[in-house]
Amino acid sequence: MFENDTIVAIATANGIGSISIVRISGAKALEIATKISKKNNFQARLATLSTIYDSKNEIIDEALVIYFKAPFSFTGEDVVEFQCHGGVAISNMIVDEVLNAGARLANPGEFSKRAFFNNKIDLTKAEAISKIIEARSADAVKLLARQLKGELTNFVNEIREDLLFMLAYTEVSIDYAEEDLPTDIYEQIENKIQKITLKLSNTLEASRRREGMIEGFKVAIIGKPNVGKSSLLNKLLNFDRAIISDIAGTTRDTIEESVRIGTHIIKIVDTAGIRDASDVIEKIGIEKSIQAINEADIVIALFDNSKICDDEDKKILDLIKENSNKKVIVVLNKSDLQNQFDKNVLESFIELSTKEDINPLIKEVETILDSNTFGDDITLVSKRQVNSVEDTLYNINLAKEPLKSGELEFFAHFITQALEDISSITRPYDNDEMLDVMFGEFCLGK
């Protein structure tokens, strides 16, 4: 829990802007606002133009002051916001006066933490707030907005209710065997387990498919030396980021840059040319190239239309086959030059010249990105959420065998573990919830 004190922080990003917001939360929020504005008639949820004074009674700024009375605020406490003129100096001066009046600086995430402890948000909404600030695409913003509205919370609650149902009936069967239970109870439990398993599996699959949507999808450009990887990077960025040379091995390290394609901001990784190299530094670069392939969501494999397909090209083709689980776009570059490359070794490819038009490649990348983001499936937005669902699914699968063999104590143990795992996504599980179901539905002790 947190101390019952009053905290303050600047709520807007650093730098110069038209408006800066200073936020106070805690029992003394209204008292402090009254002191530094010399006004005592603030009405809840009404913006009031106020002059802000320092301890020497000198004017700092004119600002809009908005008072949110507890519990009808983001944190669930009294909250006051000062909307002052933008700029580092003004907002910092207001913060200093709030500190002098008895508040303390907020720790990172403390406003959201107080909102959580005051039951204004759960952990899914807290994570969505954190992630939406860093969202790298319009689709990511839309997905996180759905989570802010409670979509993942509702999903978790549905799973919890089914698990509580199973646990409650199982505990009754163990402790109150003489009670009359529905004859189809075990069939109901098996059906619920099957339904939950399918829902959780689909959620994990959709989440892994969209893993790059929040942080930004990663696209790796691979190929042997001098096929045009750096030229492609420069063309995508619209400026000369990478050095271009006819000398093999010019790019010795991975180069990463962000670029917008459609509604997505993606990270493009230009890799060192993959070949059998004797140079130690170049070898390290090639190892990083292979690592970039493993980490990428999309791989663009470049081949030189003007050169005969050789062993180095075949090594790239082998790497593509080894990463068949990834989206791979094969590009036959330098289409403006006479064809020497055996096109029959390529199953499907885009033919272009990085010196001319690369729009067909950009459209293909955009299509793949869109296919990974569209859909109504529930999506987990953090590694913590993914781990919780994996653990839930693991324990539900472990519970299946004890249910079949009638070992209800073991079944109840695994279902309890699953309940704790899924509940950790939103709010920790309380054993009293199961007892409420037991005693509420079964009227025990009659």
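1. Helices H4 and H5. In this predicted model, helix H4 (residues 123-133) packs against helix H5 (residues 138-148) at an angle of about 155°. Their axes lie 8 Å apart. Angles over 145 degrees count as roughly antiparallel. H4 and H5 are therefore roughly antiparallel to each other. Their crossing is left-handed.

2. The H4/H5 contact. From H4 come Thr124, Lys125, Ala128, Ile129, Lys131 and Ile132. They meet Val141, Leu144, Ala145, Gln147 and Leu148 of H5. By class, the residues of this contact split into 7 nonpolar, 2 polar and 2 charged.

3. Helices H13 and H14. Helix H13 (residues 383-405) and helix H14 (residues 408-423) also form a packed pair. The angle is about 165° and the axes are 8 Å apart. H13 and H14 are therefore roughly antiparallel to each other. H13 crosses H14 in the left-handed sense.

4. The H13/H14 contact. H13 contributes Ser388, Val389, Asp391, Thr392, Asn395, Ile396, Leu398, Ala399, Pro402 and Leu403. H14 answers with Phe410, Phe411, Phe414, Ile415, Gln417, Ala418, Asp421 and Ile422. The contact holds 12 nonpolar, 4 polar and 2 charged residues.

5. Sheet S3-S4-S5-S2-S1-S6. Six strands make up this open sheet, in the order S3-S4-S5-S2-S1-S6. The pairing is mixed. Which strands are at the edges? They are strand S3 (48-53) and strand S6 (104-105), and each pairs on one side only.

6. Strand S5 and its neighbours. Strand S4 (residues 59-68) and strand S5 (residues 79-85) pair in the antiparallel sense, over 5 bridges. Ile66 stands opposite Glu81 in S5. Tyr67 has Val80 in S5 as its bridge partner. S2 and S5 are antiparallel too, over 7 bridges. There, Ile21 has Gln83 of S5 as its bridge partner. How many of the residues of S5 are buried? The count is 5 of the 7, so S5 is largely enclosed by the rest of the structure.

7. Helices on this sheet. Helix H1 (residues 29-37) lies across strand S2 (19-25), S3, S4 and S5. H1 runs at about 70° to S3. Helix H3 (residues 110-117) packs on the sheet as well, touching strand S1 (7-10), S2 and S6. The direction of H3 makes about 135° with that of S1.

8. Sheet S8-S9-S7-S10-S11-S12. A further open sheet has 6 strands in the order S8-S9-S7-S10-S11-S12. Its pairing is mixed. Strand S8 (255-261) and strand S12 (350-351) stand at the edges. Each has a single partner strand, so one side of each lacks a neighbour in the sheet.

9. Strands S10 and S11, with helix H11. Strand S10 (residues 298-304) and strand S11 (residues 327-333) pair in the parallel sense over 7 bridges. Ile300 has Ile329 in S11 as its bridge partner. Helix H11 (residues 311-322) packs on the sheet and touches strand S7 (218-222), S10 and S11. The direction of H11 makes about 160° with that of S10.

10. Helix H9. Is helix H9 (residues 229-237) largely enclosed or largely open, and why? Of its 9 residues, 7 are buried, so H9 is largely enclosed by the rest of the structure. The buried residues are Lys229, Ser230, Leu232, Leu233, Asn234, Leu236 and Leu237. Just after H9 comes Asn238, with a positive phi of about 70°.

11. Overall figures. The protein has 15 helices and 12 strands. Of its 446 residues, 48% count as buried. Among contacts with a separation of 6 or more, 65% join residues 24 or more positions apart.

Key
Residues numbered from 1 in each chain as written. Predicted model: local features only at pLDDT ≥ 70, side-chain atom pairs only at ≥ 80, totals over all residues. Heavy atoms only, no water. Axes fitted to C-alpha atoms, helices over the stretch in contact; angles between N-to-C directions. Helix = DSSP H or I, 4+ residues; strand = E, 2+ residues; numbered from the N terminus. Parallel < 35°, antiparallel > 145°, perpendicular 65-115°, else oblique. Left-handed = near helix turned anticlockwise from the far one by under 90°. Contact = heavy atoms within 4.5 Å. Nonpolar A, V, L, I, M, F, W, Y, C, P; charged D, E, K, R; others polar. Pairing = 2+ DSSP bridges. Buried < 20%, exposed > 50% of the residue type's maximum accessible area, 1.4 Å probe, protein only.
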